Each structure stands twice: as C-alpha cells, then as structure tokens.
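Please examine the sequence and the three-dimensional structure shown below.

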Amino acid sequence: LELGRFGILEPKYEKILEASLDSIDFIVVPGLGFDLSGNRIGYGEGNYDNFMKKTKAHKVALCYEFQIFKEVPHNDYDVCVEIIITEKDIYRGL
C-alpha cells in the first residue's frame, strides 16, 4: 500500500494493473455518505465507479452509522455497493 492523494492508504497502481479483474473478489468502497439503496457520495472524480464497472467483485462499504442518509445524490454513472457495514448494523440486499 502507499499513501494516496487524500492521505488514504491505497494499493500500488502497478499492482492493480498486474492483477486480472477476474481475480478480484471483494472491494472495500470508500465514501463520505451512503443511502440504503447502496448509493454513495465519493470524492467526485468517479475513479472507483469506473473501476467497479470493470469487475464483478462484491462491493462493500465500511462506515459509521452517522454516514447513512435517507438519500444521497446519484446519477446513472454511479455504481452502488451491495453491503454497508457500520458499528451498529449490517445492511444487505441494497
């Protein structure tokens, strides 16, 4: 891992390029906020959405309960998460 642009540890880009997309089973998806439809507010560049469209990996968000909202803004380009895990609950079937 290496420090990314926002000070978050991220996989080294070269290692991602070496991996086959079919070999990725699970993605921990970051976000600032989520709704119970699996939509998320990211950092606004669409990098994770573009990557997630290329794989069938499970998409899981880890966040605090206060980051869950009734609805967050989203559009047709956004990719939803399947599961949200907070300190209080696990939301599935989104």
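A disulfide requires two cysteine sulfur atoms within 2.5 Å, and a search of the whole structure finds zero disulfides.

This is a predicted model, in which local features need pLDDT of at least 70, side-chain atom pairs count only at pLDDT 80 or more, and totals for chains, interfaces and linings use all residues. Residues are numbered from 1 along each chain as its sequence is written, and side-chain values use heavy atoms, leaving out hydrogens and water.

The table lists relative accessible areas; buried means under 20%, exposed over 50%, and partly exposed in between (1.4 Å probe, protein chains only).

| Residue | Relative accessible area | Class |
|---|---|---|
| Cys63 | 9% | buried |
| Arg40 | 10% | buried |
| Cys80 | 34% | partly exposed |
| Phe66 | 63% | exposed |

Arg40 lies in strand E5, residues 40–41 (strands are DSSP runs of E with at least two residues, numbered from the N terminus). Its side chain comes to 2.8 Å from the backbone oxygen of Pro30. Beyond residues up to four places away in sequence, Arg40 touches several residues, including Phe34, Tyr48, Asp49 and Val79 (contact means heavy atoms within 4.5 Å).

Aromatic rings of Phe, Tyr and Trp (its six-membered ring) pair if their centres lie within 6.5 Å; planes under 30 degrees apart count as stacked, over 60 as edge-to-face and the rest as tilted. The count by this rule is one aromatic pair. Tyr64 and Phe66 form this stacked pair, with 5.6 Å centre to centre and 5 degrees between the planes.

Definitions and conventions: Helices (H or I, at least four residues) and strands (E, at least two) are DSSP runs, numbered from the N terminus. A polar contact is a pair of N or O atoms within 3.5 Å; within protein, one must be able to donate a hydrogen and the other to accept it, and residues adjacent in sequence count only if both atoms are side-chain atoms.
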